[in-house]
Amino acid sequence: MDLFAKLKTNLGPLGKHSKFSDGYFSFPKLEGEIAPRMKFQGKEVLTWSLNNYLGLANDPEVRKADAEAAAKWGAAYPMGARMMSGQTSLHEKLEDELAKFVNKPKAYLLNYGYQGIMSVIDSLLDRKDVVVYDSECHACIIDALRMHLGKRYVFPHNDIENCAKQLERATKLAEETGGGILVITEGVFGMTGDQGKLKEIAALKSRFQFRLLVDDAHGFGTMGPTGAGTDEEQGVQDEVDLYFSTFAKSMASIGAFVAGDEQVIHYLRYNMRSQIFAKSLPMLLVEGALKRLELLQTRPQMKDNLWKVVNALRNGLHENGFSTGQSNSPVTPVVLNGTVGEAAALSQDLRENYGIFCSVVIYPVVPKGMIILRLIPTAMHSIEDVNETIKAFAAIKGKLDEGVYKNSELAVSFGE
């Protein structure tokens, strides 16, 4: 089969419906300032799909720091990779402050989260090493493991008993190959909102010899007494060997970092191909990240406000008969039963007639017959926003239960 012709058969459940390619099911375009209320297709919508957890995206101090850094440095400085000509004292300062904040000896700045975690994993492992990982790990981790030439074992999501079984298998194999074992999980799982069982996994170190890598993209800034992350929340910072997070969520910017023992970070500096052969993170992003990190540490009220909204939303949903699964983080999934077609119709109704914009998650991300409406609360949302959303959800759930969406044009077009 021709390579490009083959692509037509691999479209997802939405993409295969070409009649919507330029309409409702094109990538959604939100317009206006980043805020709880934005414009979608010309109408104001209450937005629950932006990872701006602490509200830093349009904070006046952040905007000022970004603008001043852009005026001072432009978008190009520094030119070249860190190893060649792209190193600055501000890059080093940001790394030092990040390491101190997450209670690790050293940190290394990365250009992007997705690319960064892939490169960290790729650099750490060789064909002799064995990986044990949670089945619900993010796509960036799965993509990294696809490049791994050695063996990998997966355990069902947060199943510690099975994790131990996989570690038994990994230990036997590592003894044969002479390699090491890396366990990978997440601090907060971005789709379901539940925390990875870091404490329970760390406890397995008394039985098995392994290193623990935690991707805490959704936990950095939102979890723990100081916001230092999910490992702080669970009291296991010393047991996490490598801590990774992105700037794309609580920090509302671009970039990422990995933190751990000095020797390991030193090794990564000189072996991460995505950083060795890539231009250094621009100075305007570095200075912007320094300001964001400062505010994250000096304004605890931002995280407090976030959790007030989270708790109000979660409690209100439960009181109205909605399930939010096992979530114990700001990520709030609302679990419903329905087909892909019903999800399409429900989503359109929710956005156009109730003015609520949130992510709608369908098969194959979740099992057939399940719909997840994923809400991302932020410190900028209000209790009024929460009440409006719960009222709208109650209305659409009633329609879903009554079968209203089954006969809609969208549902029919999806063959249901």
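Is Arg207 buried or exposed? Select Arg207 to begin: with a relative accessible area of 52%, Arg207 is exposed (buried is under 20% relative accessible area, exposed over 50%, partly exposed in between, with a 1.4 Å probe and protein chains only).

Before moving on, please note that this is a predicted model, in which local features need pLDDT of at least 70 and side-chain atom pairs count only at pLDDT 80 or more, while totals for chains, interfaces and linings use all residues. Residues are numbered from 1 along each chain as its sequence is written, and side-chain values use heavy atoms, with hydrogens and water left out.

**Salt bridges**

Glu168 and Arg207 form a salt bridge, with the closest N and O atoms 3.8 Å apart (a salt bridge is a side-chain nitrogen of Lys or Arg within 4 Å of a carboxyl oxygen of Asp or Glu). Glu168 sits in helix H6, and Arg207 in the loop between helix H7 (198–203) and strand E8 (211–215) (helices are DSSP runs of H or I with at least four residues, strands runs of E with at least two, numbered from the N terminus). At 40% relative accessibility, Glu168 is partly exposed.

Next, pick Asp66 and Arg292, whose side chains meet in a salt bridge at 2.9 Å, N to O. Asp66 belongs to helix H2 and Arg292 to helix H11 (residues 283–298), so this pair ties together parts 226 residues apart in sequence. Arg292 is buried, at 4%, whereas Asp66 is partly exposed, at 22%.

**A lysine without a salt bridge**

Now go to Lys303 in helix H12 (residues 300–319). Lys303 is buried yet has no salt bridge; Asp304, the nearest side chain of opposite charge, is 4.9 Å away (Lys and Arg count as positive, Asp and Glu as negative, and His and the chain ends are not counted).

**Backbone stops**

Show the backbone at Tyr77 and Pro78: a cis peptide bond joins them, with omega about -5°. Pro78 lies in the loop between helix H2 (60–73) and helix H3 (89–101).

Asn158 is worth a click too, as a residue other than glycine with a positive phi, near 55°. Look for Asn158 in the loop between strand E6 (152–155) and helix H6 (160–177); Asn158 is buried, with a relative accessible area of 10%.

Finish at Gln41, another residue other than glycine with a positive phi, near 50°. Gln41 is in the loop between strand E2 (37–40) and strand E3 (43–47), and at 47% relative accessibility Gln41 is partly exposed.
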